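User: I am new to this structure and would like to be guided through it. Could you please begin with the overall layout?

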Amino acid sequence: MSLPAEIVEQAMRLRDAINRHNHQYHSLDSPIISDAEFDQLFRELKSLEAQYPELVTDDSPTQRVGATPLSAFSQIQHEMPMLSLENAFSEADLEDFERRIKARLGTVDTLEFVCEPKIDGVAVSLLYVDGQLVRGATRGDGATGEDITQNVRTIESIPLRLQGQGWPDRLEVRGEIYIAKSTFLAINAEAQARGEKLFANPRNAAAGSLRQLDSRLTAKRKLTMYCYSVGLVEGGDLPPTQAGILQQLQDWGLRVNPLVEVVKGAAMCRTYYEKMLTRRAELNYEIDGVVFKVNSMSLQQRLGILTRTPRWAIAHKFPAEEGYTRLVDVEFQVGRTGAITPVARLEPVKIGGVTISNATLHNMDEVGRLGLMIGDRVLVQRAGDVIPKVVAVDRSQRPLHARSITMPDHCPACGAEIILVEGEVIARCSGGLFCSAQRKESIRHFASRLALDIEGLGTKLVSQLVDEGLIENPADLYSLTESKLLGLERMAPKSANNLLEALEKSKLTTMARFIYALGISEVGESTARNLALFFGDIDALRAANNELLQAVPDVGPIVAEKILTFFHQQNNQKVIDELLAAGIHWQAETSSVDAAALTGQSWVLTGTLKILTRNEAKAKLQSLGAKVSGSVSKNTSCVVAGDAAGSKLAKALELGVPVLDETALLEMLAKHGIQGS
Ligand code: 9MJ
């Protein structure tokens with residue numbers, strides 16, 4: 001039976017629309033219809049295909065998942081080897097690279113290079129025949145890889161059929177499949193909740209997800225891909241430059257990194273490297289360096305390949321952020337609230353240009369999950385400026401004399417009993433303010449940047465001052481004198497004076513900082529700000545009852561209880577009195593600000609703002625009493641949409657949640673007494 005022409009046409013129209021919107025959403029990050037509208041198109045196509053099963057084609061977007069699980073991956077031979085890249089680690093390596101190329105080409109002209117972020121994922125090859133995706137394969141050893149067609153078909157940013165026209169009959173596209181950092185964290189959080197093994201990093205998570213024999217599992221992992229080159233090209237032509245090819249791939253619906261740039265000469269490559277190094281932390285995917293490629297394809301041809309690496313490309317690697325070393329010992333540190341944290345003492349190892357000899361182990365559950373023993377060879381990871389952590393254990397290298405790690409019964413600082421509250425993973429010292437470690441931490445917190453910001457009062461000095469009996473609590477800081485300080489080891493008159501000056505300067509602060517500095521359990525910066533705005537007066541806060549506290553935005557029964565407990569302690573009240581008597585003061589919170597204007601409202605920020613930073617916008621909304629949340633729901637009061645706002649904006653529109661642009665936000669803030677910048 002032949003299908004009615006209008007049905008075939010309708011199915012084609014739906015597929016085209018779905019493919020186009022998929023590309024807008026996944027590759028260009030700029031959806032033009034809402035999720036609901038997209039779902040509607042998808043449902044229409046599904047029901048049409050259910051009604052007319054002959055309509056179902058292999059490249060229909062409804063066919064991404066559905067294959068039966070495999071028993072093993074089959075091997076494939078790459079028709080053109082998948083190359084690896086030579087590495088450069090320094091400016092000199094880069095200059096050498098340029099010099100070699102110029103010598104080989106016999107030219108003195110400045111060369112054009114394409115600069116690309118080097119994605120730390122899994123290299124794959126996609127084969128399109130007549131525009132249809134027919135095969136996906138891993139790089140393997142470059143000559144032989146594994147057939148992962150079923151799995152790549154589940155990745156929504158990989159088109160099952162190329163868009164537009166003019167593609168070669170056979171086209172092999174290469175690139176890197178990866179998992180976004182945010183997705184990686186979510187996967188691990190879920191694994192942790194289920195008590196499963198965690199992935200060490202996003203690359204392992206991507207590789208593990210791609211190596212699933214059951215593609216339904218791969219489909220759940222939200223993998224994506226950036227394409228960066230072509231392999232086999234038959235029956236058609238491509239643009240004459242690398243940059244042109246990338247643009248062409250994007251036009252055919254493949255995802256290409258928007259941070260690619262064309263530059264002239266090695267010096268500008270270096271500038272690109274520096275720029276990406278500073279942007280690295282803010283990207284939602286891991287990059288381990290940048291790649292430079294000669295832009296002209298004819299020059300690439302002339303330069304050719306050296307065994308396994310092309311002469312026309314080089315990877316400029318960032319300093320490694322992971323490294324193996326040995327766990328020498330585990331010590332137990334006591335935090336401000338008595339929480340006991342196991343800390344790994346490591347054989348010093350250089351990671352990302354920094355020598356690491358300590359790493360956090362978080363808690364004993366984590367030690368158990370890692371299966372860690374003292375003496376083990378461990379993988380240490382350093383990400384940006386966060387504390388390094390042990391992420392994996394190399395059990396094959398466990399020495400015979402490896403020792404197990406046990407939580408002590410008593411606090412290493414004060415000897416008080418360590419208690420494990422039921423239902424909590426964190427063990428705590430029961431010594432309270434008698435524990436010198438807790439005292440040191442609370443003074444250190446008081447002096448920290450977001451609290452009273454006392455310059456020069458670091459961990460070592462606080463420790464020295466407490467150990468010498470010069471201070472016991474934050475208020476004692478203000479009775480320090482030059483002569484007392486000069487009694488300390490290695491304290492020069494200049495440093496002593498600097499500290500006294502910093503202490504004097506810290507006396508003028510804000511009420512929010514002061515509340516935060518007190519170190520009340522569960523009261524972070526944002527809650528402190530809300531408390532300051534709500535009460536406006538420290539005595540009102542000190543006298544508040546549970547009910548009143550819970551009227552403050554963000555304060556629920558647990559936080560209210562913590563605040564009450566803190567102020568019930570005579571010792572804490574005494575310290576506050578002494579601090580105020582020492583001259584700590586602040587200006588009244590600006591009364592023209594309508595601090596309760598948005599109380600009870602939940603706001604969401606999305607897209608790029610031009611005038612305010614995200615954090616500024618968030619703080620300003622919070623100061624009017626709004627909660628700022630990360631996801632849109634029917635309970636969201638308002639969404640602020642900046643440039644390139646994506647799915648959150650679509651969701652808001654779908655749910656009928658009010659949307660403001662940045663100008664409207666600034667107007668609203670001004671109306672409530674808050675200036676824009
Ligand atoms: C990555 N990993 O992002 C290449 N790569 O080119 C980029 N890898 C590459 N290019 C030729 N951007 C071989 C490998």
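Analyst: Domain bounds come from an automatic or database domain assignment. For the protein chain of this predicted model, the assignment gives domain 1 (5-63), domain 2 (77-317), domain 3 (322-397), domain 4 (428-586) and domain 5 (602-671).

User: How far apart do the C-alpha centres of domain 1 and domain 4 lie?

Analyst: Domain 1 covers residues 5-63 and domain 4 covers residues 428-586. The distance between their C-alpha centres is 60 Å.

User: Which residue of β8 stands opposite Arg174?

Analyst: Strand β7 (residues 170-178) has eight of its nine residues buried, so it is largely enclosed by the rest of the structure. Eight bridges join it to strand β4 (residues 122-129) in an antiparallel manner, and there Arg174 is the bridge partner of Ser125. Eight bridges also join β7 to strand β8 (residues 224-234), again antiparallel. In β8, the residue opposite Arg174 is Ser229.

User: What kind of aromatic pair do Tyr226 and Tyr285 form?

Analyst: Tyr226 lies in strand β8 and Tyr285 in the loop between α9 (265-279) and β10 (287-294), so the pair ties together parts 59 residues apart in sequence. Tyr226 is buried, with a relative accessible area of 6%, and Tyr285 is buried at 8%. Planes over 60 degrees apart count as edge-to-face. The ring centres are 5.5 Å apart and the planes stand at 75°, so the pair is edge-to-face.

User: Which residue lies over the face of Tyr226?

Analyst: Tyr226 belongs to one aromatic cluster with Tyr178 and Tyr285. Over its face, at 4.2 Å from the ring centre, lies Arg255.

Methods:
Residues numbered from 1 in each chain as written. Predicted model: local features only at pLDDT ≥ 70, side-chain atom pairs only at ≥ 80, totals over all residues. Heavy atoms only, no water. Buried < 20%, exposed > 50% of the residue type's maximum accessible area, 1.4 Å probe, protein only. Helix = DSSP H or I, 4+ residues; strand = E, 2+ residues; numbered from the N terminus. Pairing = 2+ DSSP bridges. Phe/Tyr/Trp six-rings, centres within 6.5 Å; stacked < 30°, edge-to-face > 60°. Lys NZ or Arg CZ within 6 Å of the ring centre and 35° of its normal.
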